[in-house]
Each structure stands twice: as structure tokens, then as C-alpha cells.
Amino acid sequence: MRLLNGMESPIQARRKIRMSLPATLLKILRLHLLKWILELFFREAIKELLNGNSVRAGRYGNFRIAFRSEGVEDINEFNANSMIKDARIVFQPSKLFRSEVINKLQFTVNCVTEDEVKYASLSDYRRAKGISGGGSGSDKPSGGGSGGGLDENPLG
């Protein structure tokens, strides 16, 4: 039932709130569950990494510890505390995960700045400069692909 001024009755408003509340709660619970699962995963990952093991993150890839060290002629001269340097955690994505991300990448030119003048897009810049559109610098999204040095691990 609608009131004459087009507004809903309080009963209808309460029904909508009741119907949307479970969906909202479900969304919040999913987010908290995801955070909890990730927290547990990384707590265990820390333990495994500190024990010298690599950690497999399902079909997505592996985490491992990497470092550099100075070499010595005699093992008795090696001091791990002073000679191991640049310790880091490396994530090596799986080929499947890498291709799922890289092949779906899209790039857009959002802003062009020249002589301290900002143009909202490449099209606006070209229009202001009297340059006809097209070319390789289009502000339209472009797909990823596997070329251009993307085979290197950007995180490690």
C-alpha cells in the first residue's frame, strides 16, 4: 500500500529492511570469513617459511624465502648473521594464475599533462592540439598478452 504522497507505508519500509538485512549480513559474514581464512593461511605460511619450506597457495603459486650471501673459501669462516643479506619473501605465480591475470589486463590513459596543463584523456589532448585520433597511444583499453618482458616475476 502506498500513501497518497507516493511514499511507502512504514510496514512496507520495514519489510524492505527485513529483506535486505539478510543479504547485507551475508555479505559482511563472507568478508569476515575470507579475512579469517586468509589470516589462518598466512599464520601457517609464516611458520612454514621460517622452517625453510616453500608454501603452495593452491593453484595460484608458491611463496618462498630468498636471500643473498657472501661466499667463503672455508665453511668455518661463514657467519650467517653477518653474511646473509637481502632476505625477502618471493611469490612465484603459477602459469595458470599468471595467464588469467595478464591476459585480462586492460590499460587506459586517464590523464595527459603537458607544460603543466592537464587533459582529462588522450582524446581531449589530441582535440586540444588538433591531432587526429588513432595510433598506438589510444586512450581506449588494451589487452594484456604475454610479451614485453612480462615473463619475469615482478614481485621477486
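Aromatic pairs number 7 in this predicted model. One of them is Tyr60 with Phe97, an edge-to-face pair with 5.2 Å between the ring centres and 90° between the planes. This pair joins distant parts of the chain, since its two residues lie 37 positions apart.

**Aromatic pairs and cluster**
- Tyr60 sits in the loop between strand 1 (55-56) and strand 2 (61-69), whereas Phe97 belongs to helix 3 (residues 95-102).
- Phe97 also pairs with Phe91, again edge-to-face, at 6.3 Å centre to centre and with 80° between the planes.
- One aromatic cluster is formed by Phe41, Phe42, Tyr60, Phe63, Phe91 and Phe97.

**Accessibility of the paired residues**
- Tyr60 has a relative accessible area of 37% and is therefore partly exposed.
- Phe97 is partly exposed as well, with a relative accessibility of 25%.
- Phe91 has a relative accessible area of 14%, which is under the 20% limit, so Phe91 counts as buried.

**Secondary structure**
- The protein chain contains 4 helices and 5 strands.
- Along the sequence these elements follow the pattern α-β-β-α-β-α-β-β-α.

**Whole chain**
- The protein chain has 156 residues, of which 15% count as buried.
- Among contacts in the protein chain with a separation of 6 or more, 41% are between residues 24 or more positions apart.

How values were computed. Residues are numbered from 1 along each chain as its sequence is written. This is a predicted model: local features need pLDDT of at least 70, side-chain atom pairs count only at pLDDT 80 or more; totals for chains, interfaces and linings use all residues. Side-chain values use heavy atoms; hydrogens and water are left out. Rings of Phe, Tyr and Trp (its six-membered ring) pair if their centres lie within 6.5 Å; planes under 30 degrees apart count as stacked, over 60 as edge-to-face and the rest as tilted. Buried means under 20% relative accessible area, exposed over 50%, partly exposed in between (1.4 Å probe, protein chains only). Contact means heavy atoms within 4.5 Å.
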